[in-house]
Amino acid sequence: MKKVGVFLAEGFEEIEALTVVDLLRRAEIYVDIISVEAQEAVRGSHGICVQADTLFEETDFSEYHMLVLPGGMPGTTNLQEHRGVCTLVKRFLAEGKYVAAICAAPVILSGLGLLRGKRVTCYPLVEQQLQGAVLTGGRTAVDGQIITGRSAGGAVEFALKIIEILAGEEKAGEIAEGIVYE
């Protein structure tokens, strides 16, 4: 079974994080919500408090296949400043595993020098921060092991793309049909 970790930092974008968690669980993909804070309860950018499944420091990432970085402010900045998250993202890509980032979160990957020459998408206001990336302007983009999403408005498409990569096109289609995604 594929295993995915979705990171939460104070100020995360709720739609981007929870849409991924919800749809992946519907697809029977194992998902952990992982707090990078000192506690499991993490407040999103719109004041919604979410209870994480585990803390970053208590998580063994060796069995995970993908990491997901939601956007939101200051959530993206808080993830970017977390040394453990940055080290883990680089390690995952070096090991041939997947990293998905949506909205402002691709800035984290760019800051680590991971987007040069990669086809990506992100929130329009942070496009200038993606040094060396090839911006597609689409709702989702996949380049190798990196999956990016444009914004909260494309969170369903982003989550379905993750499902397609991890469980196949047929499973992604089943989930899309089940939620009447058109």
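Residues are termed buried when their relative accessible area is under 20%, exposed when it is over 50%, and partly exposed in between (1.4 Å probe, protein chains only). Helices (H or I, at least four residues) and strands (E, at least two) are DSSP runs numbered from the N terminus. The model is predicted, so local features need pLDDT of at least 70 and side-chain atom pairs count only at pLDDT 80 or more, while totals for chains, interfaces and linings use all residues. Residues are numbered from 1 along each chain as its sequence is written, and side-chain values use heavy atoms, with hydrogens and water left out.

In helix H6, the buried residues are Ala 172, Ile 175 and Ala 176. Seen down the axis of H6, these buried residues fall within an arc of 100° and therefore line one face of the helix; the arc is that of the directions from the helix axis to the C-beta atoms. Glu 170, Glu 177 and Gly 178 are exposed and lie on the face of H6 turned away from its buried side. H1 and H5 are included in what covers the buried residues of H6, where contact means heavy atoms within 4.5 Å. Just after H6, Val 180 takes a positive phi of about 55°.

An open sheet of seven strands is present, with the order S5-S2-S1-S6-S7-S11-S10 and mixed pairing. Two strands pair if DSSP finds at least two bridges between them. S5 and S10 are the edge strands, each pairing on one side only. S1 and S6 run parallel and are joined by three bridges; Val 4 stands opposite Met 66 in S6, and Gly 5 stands opposite Leu 67 in S6. S6 and S7 also run parallel, joined by four bridges, and Met 66 stands opposite Tyr 98 in S7. S6 is covered on both faces, with Met 66 and Val 68 buried on one side and Leu 67 and Leu 69 buried on the other.

A nonpolar core is defined as a set of buried Ala, Val, Leu, Ile, Met, Phe, Trp, Tyr and Cys residues joined through side-chain atoms within 4.5 Å. The largest such core has 32 residues, of which Val 4, Leu 24, Val 68, Ile 162 and Ile 163 touch the most other members. Two or more residues each come from strand S1 (3-8), helix H1 (14-26), strand S2 (30-35), strand S6 (66-69), strand S7 (98-102), helix H5 (155-167) and helix H6 (169-178). H5 gives the most to this core, with seven residues. Apart from this core lies another, of 30 residues, among them Ile 34, Leu 69, Ala 101 and Ile 108. When residues up to four places away in sequence are not counted, Val 4 touches Leu 24, Ile 29, Tyr 30, Val 31, Asp 32, Tyr 64, Met 66, Val 68 and Leu 166.

Eight salt bridges are found in a search of the whole structure, a salt bridge being a side-chain nitrogen of Lys or Arg within 4 Å of a carboxyl oxygen of Asp or Glu. In one of the pairs, Arg 25 and Asp 53, the closest N and O atoms are 3.0 Å apart. This pair links distant parts of the chain, 28 residues apart, with Arg 25 in helix H1 and Asp 53 in the loop between strand S4 (49-51) and strand S5 (54-55). Arg 25 is partly exposed at 39% relative accessibility, and Asp 53 is partly exposed at 38%. Lys 118 and Asp 143 meet in a further salt bridge, at 3.9 Å from N to O. Lys 118 lies in the loop between helix H4 (106-111) and strand S8 (119-120), and Asp 143 lies 25 residues away in strand S10 (residues 140-143). Within H6, Lys 171 forms a salt bridge with Glu 174, the closest N and O atoms being 3.4 Å apart; because the two are three residues apart in this helix, about one helical turn separates them. Arg 91, Glu 95 and Lys 97 are linked in a network of salt bridges.

Zero disulfides are present in the structure, a disulfide being a pair of cysteine sulfur atoms within 2.5 Å. Cys 86 is in no disulfide, and the nearest cysteine sulfur, that of Cys 122, is 17 Å away. Cys 86 is buried at 10% relative accessibility. For Cys 122, the closest cysteine sulfur is in Cys 103, and the 8.4 Å between them is too far for a bond. Cys 122 is buried at 1% relative accessibility.
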